[in-house]
Amino acid sequence: MLQTIRNRVFLSIAIAALIYLVFMIYVDYEKVLSSFKNFNWYLLPILLLLSFGNYVSRFFKWEYYLKIIDVKLHKLDSLSIFMSGLIMSVTPGKMGELLKSYLVKQVNGTSISKTAPIVFAERATDFLSLTIMALTGAYFYDYGKNIIIIIGLIILTGLIIISNKKLFYKIISIISNFSFISKHILKIRTAYESSSKLLSITPLLLMTLLSIVSWGFECFGYYLILTNFDLKIDLLWAFFSYSFATIVGALSMLPGGLGVTEGSLTLMLVQKGLSEHSAFAATFIVRAVTLWFAVLVGAISVLFYQKRFGKIIFDSNSGNKDL
């Protein structure tokens, strides 16, 4: 199924190319090209380094979660698996990063239901950290407060359900009456036991703080991009707008938030006084050095993983087949 992953990535790239082309035509591609020419490309290594800082700090979170549920991996193997998961950054909500659970199973035999909750915990703490940054800016700039509050309440509700075993198992006992759920009850219970450990109060607070640092790297990179376009903004606004657009894009459930994240970033920049062509140029650059750089790092990591462990195997009920 590795071919399927490759096809999905290529499809996402094709969709992104079409979206970016439409944006460029709409805002006048000649002016956009002019904005690109005026950009200080010597900033590019710094921007990529900041994005890589995001990935590395999130790897520490991955390692921390593995330790909590007692899954042992050699550090180099763990890094290879984590970085390989980045290729799935262009899946809805990044949930394609469940690929990491398949890779862990291939390396040491740990069940997917045991490690899959790590991906959920990663997304939960990512959302929580982005919501905190966005909510801070929303109140300071009086922009999008209601949306962020609703998102925050949904996240908190989910965390409350997970942290309350009695409540969770009561919900499970109700929905287990459905046959298509009852046959997966054991897996659900296994996944829940991992999730409840990963999202207990201490790991939740620590990893949310780490997530703020992680996403702060990319937010700061966005700030550097905007200052290059002579936009008079402060650091807090850059953190707020990037967090807000990332959340909106994730909620769209489109691969990588394509179109929605770009549209949100561009719109907010235009409202801030930047020309449409410069706003799109800034948006394109930040997406290139964050989302698409992550996909590139993931693709390279998959190649290294396969060189070390061979073809990626997907184990299904019907037997083994290539992933």
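## Basis of the model

Residues are numbered from 1 along each chain as its sequence is written, and side-chain values use heavy atoms, with hydrogens and water left out. In this predicted model, local features need pLDDT of at least 70, side-chain atom pairs count only at pLDDT 80 or more, and totals for chains, interfaces and linings use all residues.

## Helices α3 and α6

Helix α3 (residues 44-68) packs against helix α6 (residues 112-141) at an angle of about 130°, and their axes are 10 Å apart. Axes are lines fitted to C-alpha atoms, for helices over the stretch in contact, and angles run from 0 to 180 degrees between N-to-C directions. Helices are DSSP runs (H or I, at least four residues), numbered from the N terminus. The two helices α3 and α6 are therefore oblique to each other (angles under 35 degrees count as roughly parallel, over 145 as roughly antiparallel, 65 to 115 as roughly perpendicular and the rest as oblique).

From α3, the residues R58, K61, W62, Y65 and L66 meet I118, A121, E122, R123, T125 and D126 of α6.

## Residue T110

T110 lies in the loop between α5 (99-108) and α6. With 14% relative accessibility, T110 counts as buried (under 20% relative accessible area; exposed is over 50% and partly exposed in between, with a 1.4 Å probe and protein chains only).

Apart from neighbours within four places in sequence, T110 is in contact (heavy atoms within 4.5 Å) with V71, V104, K105 and T115.

## Helices α12 and α13

Helix α12 (residues 235-251) and helix α13 (residues 260-271) pack at about 150°, with axes 8 Å apart. Among the residues making this contact are W237 and F240 of α12 and V260 and L265 of α13.
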